[in-house]
There are 2 protein chains.
Amino acid sequence: MKTYIGIDLGGTNIRVAKITEDGKVLQQIKSPSYGAEGRERVLENLKKLVRQIDGWEECSGMGVGVPGPCDQKTGSMSMSTNLPGFTGYPFADDLSKEFGMPAYIENDANVAGLAEAVVGAGKRLSVVEYVTISTGIGGALIVDGKVVSGKHGYAGEIANIIIDRDRGTYNHLAPGAVENEASGTAITRKGRELLPEMNIRHAGQVFDLAAEGNEIAQKIADAAIADLAQLFATLAAVADPDIFVLGGGMMKSADKFLDQLIEKYKEITHTALHDTPFVIAQLEEPGIIGAAMVPRSHEG
Amino acid sequence: MKTYIGIDLGGTNIRVAKITEDGKVLQQIKSPSYGAEGRERVLENLKKLVRQIDGWEECSGMGVGVPGPCDQKTGSMSMSTNLPGFTGYPFADDLSKEFGMPAYIENDANVAGLAEAVVGAGKRLSVVEYVTISTGIGGALIVDGKVVSGKHGYAGEIANIIIDRDRGTYNHLAPGAVENEASGTAITRKGRELLPEMNIRHAGQVFDLAAEGNEIAQKIADAAIADLAQLFATLAAVADPDIFVLGGGMMKSADKFLDQLIEKYKEITHTALHDTPFVIAQLEEPGIIGAAMVPRSHEG
């Protein structure tokens with residue numbers, strides 16, 4: 001069976017693993033990534049770790065999940081806030097030359113979506129839309145087992161989908177962007193504003209209060225659920241996926257909102273789209289498994 | 001050079017053509033489609049027309065563009081308002097057996113988008129988003145020269161993308177659906193409401209009045225342009241296409257709104273996405289050429 005090197009490179013930590021073509025982790029090494037110390041230090045460390053993998057030379061390719069959009073034409077990051085020095089650097093070429101095998105870089109949400117599409121909840125399906133809802137909202141569109149990256153590597157960057165452009169602007173995102181209306185951070189913000197006495201620290205508390213009968217919390221939850229339903233209806237209109245795979249921290253509260261979200265989704269979509277399954281992500285390590293699946297997805 | 005049979009089957013007319021793999025029409029026949037007379041009559045006529053094409057036996061495959069979404073797993077229409085009797089009928093299988101070649105059916109907007117993606121404005125690009133704005137709003141997502149059809153054949157059915165769910169409901173579409181806010185029909189409707197003395201018959205008149213300094217017409221145009229900008233920003237967030245290809249009757253007024261639309265688009269998208277080209281569709285016959293490209297797109 002073929003094996004691949006999967007690398008999950010964040011600003012703080014890096015994990016390097018040898019993974020089979022069907023997604024089994026054979027060996028894994030974890031280390032600080034030294035992101036703050038600049039590109040040379042990060043690359044030196046990454047390359048040393050790859051050489052610590054038993055039989056890395058036998059692997060058929062290498063994929064790196066990175067925290068930001070990637071330009072696939074140049075194999076470089078388009079934006080690398082958490083990895084200073086990497087914007088525009090020919091990262092994939094460097095690794096390919098160093099290790100003598102095909103090497104790719106890809107946005108971490110796209111990589112997680114790819115893992116779910118090829119060995120997780122979306123296995124064997126043609127169009128998989130992965131949506132992760134935690135502090136932010138991210139996504140990935142996977143078609144026939146390949147990530148759709150897009151012209152600038154921004155495909156799947158669904159945080160900026162506008163729910164209602166008459167709502168507020170909070171940051172670099174567009175007015176009324178879904179991430180500022182229905183992410184964990186947004187629900188927490190609304191909870192703090194409207195329930196100042198409750199010491200809200202995370203979205204789960206708002207869902208818990210709603211379940212206990214708190215009407216204000218219920219209104220916050222209802223609004224976020226309706227906004228998320230609109231997001232999923234939009235994704236269905238663009239790509240009509242075979243499955244929605246849902247990841248991210250907010251899925252810990254899925255029992256408190258997912259059924260209601262699906263009902264709202266049905267209210268605003270064509271009947272034909274009502275049977276699209278909403279499924280919680282299955283993999284514990286989608287980041288590193290997905291990274292290893294990137295070179296596989298580029299074969300033949 | 002390989003050739004294919006392309007068929008553009010509407011409720012009223014049918015065109016059948018022999019087309020080269022690079023999109024040249026070698027022979028074309030037009031006829032009524034007899035859509036209202038039921039499936040048997042439509043199929044009998046279609047099959048007779050195919051046999052009138054010189055050397056149809058040498059063609060490598062056949063594609064039919066039809067007015068409605070298609071389930072690619074069964075090769076049947078999911079909904080066929082303008083072709084009674086075709087919903088669920090194994091159309092592709094029937095043709096494949098009849099003519100002994102691979103046969104496919106595909107939604108007419110998807111087919112037009114495919115034509116633009118492989119031999120038109122999006123030639124050689126990886127991700128092409130085709131958007132047609134006329135009486136309605138339709139679209140197609142083409143990735144690596146293949147139509148993304150989706151689970152139910154509804155990918156690209158972007159008419160139902162919600163711009164603002166607090167706006168009106170006019171028909172089967174969701175409240176605030178973009179087709180009811182910014183299509184030719186919607187702009188005409190608003191023109192009739194707000195400029196009753198002007199005898200508005202089509203959207204072009206509203207754009208013309210705006211260009212002549214009519215402030216009410218300008219407000220209608222501005223609102224529609226902002227809504228369309230939001231649609232394109234949404235499409236960019238989901239798929240980050242290499243190009244937006246714009247078709248449909250409203251492009252006749254493109255000089256009166258397209259520059260402004262692109263400016264609005266830039267206001268609500270990340271800087272990285274600002275260089276995505278907006279290009280008017282190039283092909284005169286995208287329907288029939290695109291139909292012929294469907295079997296080509298399924299080859300290896």
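Two strands are taken to pair if DSSP finds at least two bridges between them, and helices (H or I, at least four residues) and strands (E, at least two) are DSSP runs, numbered from the N terminus. The model is a predicted one, so local features need pLDDT of at least 70, side-chain atom pairs count only at pLDDT 80 or more, and totals for chains, interfaces and linings use all residues. Residues are numbered from 1 along each chain as its sequence is written, with chains lettered from A and ligands numbered from 1 in the order in which they are written.

In chain A, strands β2 (residues 13-20) and β3 (residues 25-32) run antiparallel and are joined by seven bridges. Val16(A) has Ile29(A) as its bridge partner in β3(A). Four residues sit between the two strands of this hairpin, and Gly23(A) in the turn has a positive phi of about 90 degrees.

Turning to helices, the axes of α6 (residues 203-211) and α7 (residues 215-239) of chain A come within 7 Å and cross at roughly 120 degrees; axes are lines fitted to C-alpha atoms, for helices over the stretch in contact, and angles run from 0 to 180 degrees between N-to-C directions. On the α6(A) side, the contact (C-beta atoms, placed from the backbone, within 7 Å) is made by Val206(A), Phe207(A), Leu209(A) and Ala210(A), and on the α7(A) side by Ala217(A), Gln218(A), Ile220(A) and Ala221(A).

As for the two chains, their contact takes 34 residues from chain B and 34 residues from chain A. On the side of chain B that touches chain A, β9 (137-143) and α7 (215-239) of chain B each supply at least two residues, and α7(B) gives the most, with seven residues.
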